[in-house]
Amino acid sequence: MIKRNYPFGEQMVKDFKSGDLVYWNEWKIVNKKLQKLKKFGVFIEKKVKFVSHREVVYGIVLCSETGNTIQVLGVRLKKK
């Protein structure tokens, strides 16, 4: 088994800086059809949480659609 010294998702957000434009995909069922929605926001900071005995990285993002700060799983975030 490979041991890693960094939390899950760290490699995806390691180069992100506060103020970077990021995007992620969400899936939604509309009229019995699966639709892929691209969401945009501004990266504020990263946050590490323990989930099921494992460290997981979340990005705190200011969502462009709602104006709220939300947590997005680090592996879902991509830099624009």
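Predicted model: local features only at pLDDT ≥ 70, side-chain atom pairs only at ≥ 80, totals over all residues.
Local features were taken only where pLDDT is at least 70 and side-chain atom pairs only at pLDDT 80 or more, whereas totals for chains, interfaces and linings use all residues. Residues are numbered from 1 along each chain as its sequence is written, and side-chain values use heavy atoms, with hydrogens and water left out.

**View 1. Overview of the fold, with one helix and five strands.** The elements follow the order α-β-β-β-β-β from the N terminus, where helices (H or I, at least four residues) and strands (E, at least two) are DSSP runs numbered from the N terminus. Taken along the principal axes, the C-alpha atoms fill a box of roughly 45 × 30 × 20 Å. The accessible surface comes to about 6,200 Å², of which 52% belongs to carbon and sulfur atoms; such areas come from the Shrake-Rupley method with a 1.4 Å probe, and for residues only the protein chains shown count as cover. Of the 80 residues, 29% count as buried, a term that means under 20% relative accessible area, with exposed meaning over 50% and partly exposed in between (1.4 Å probe, protein chains only). Among contacts (heavy atoms within 4.5 Å) between residues at least 6 apart in sequence, 40% join residues at least 24 apart.

**View 2. The largest nonpolar core, with nine residues.** V13, F16, V22, W24, F43, V57, V61, V72 and L77 make up this core, a set of buried Ala, Val, Leu, Ile, Met, Phe, Trp, Tyr and Cys residues joined through side-chain atoms within 4.5 Å. The elements that contribute two or more residues to this core are β1 and β3 (54-63). Leaving aside residues up to four places away in sequence, V22 touches F16, K39, F40, G41, F43, V61, L77, K78, K79 and K80.

**View 3. The aromatic pair of F16 and F43.** The structure holds two aromatic pairs, the rings of Phe, Tyr and Trp (its six-membered ring) being paired if their centres lie within 6.5 Å, with planes under 30 degrees apart counted as stacked, over 60 as edge-to-face and the rest as tilted. Because the planes of F16 and F43 stand at 85°, with the ring centres 5.3 Å apart, this pair is edge-to-face. The pair links distant parts of the chain, with F16 in the loop between α1 (10-13) and β1 and F43 in strand β2 (residues 33-51). The two residues are 27 apart in sequence but 7.5 Å apart in space, C-alpha to C-alpha. F16 is buried at 12% relative accessibility, and F43 is buried at 3%.

**View 4. The tilted aromatic pair of Y23 and F40.** Here the rings lie 6.1 Å centre to centre, with 45° between the planes. Y23 belongs to strand β1 and F40 to strand β2, so the pair ties together parts that are 17 residues apart in sequence. Y23 counts as buried, at 17% relative accessibility, whereas F40 is partly exposed, at 29%.

**View 5. A nonpolar surface patch made by L21, V42, I44 and L62.** The patch covers about 280 Å². Patches are made of residues with over 30% relative accessible area and no salt bridge, like charges being joined within 9 Å and nonpolar side chains (Val, Leu, Ile, Met, Phe, Trp, Tyr) within 5 Å; a salt bridge is a side-chain nitrogen of Lys or Arg within 4 Å of a carboxyl oxygen of Asp or Glu. L21 is found in strand β1 (residues 21-30) and is partly exposed, with a relative accessible area of 42%.
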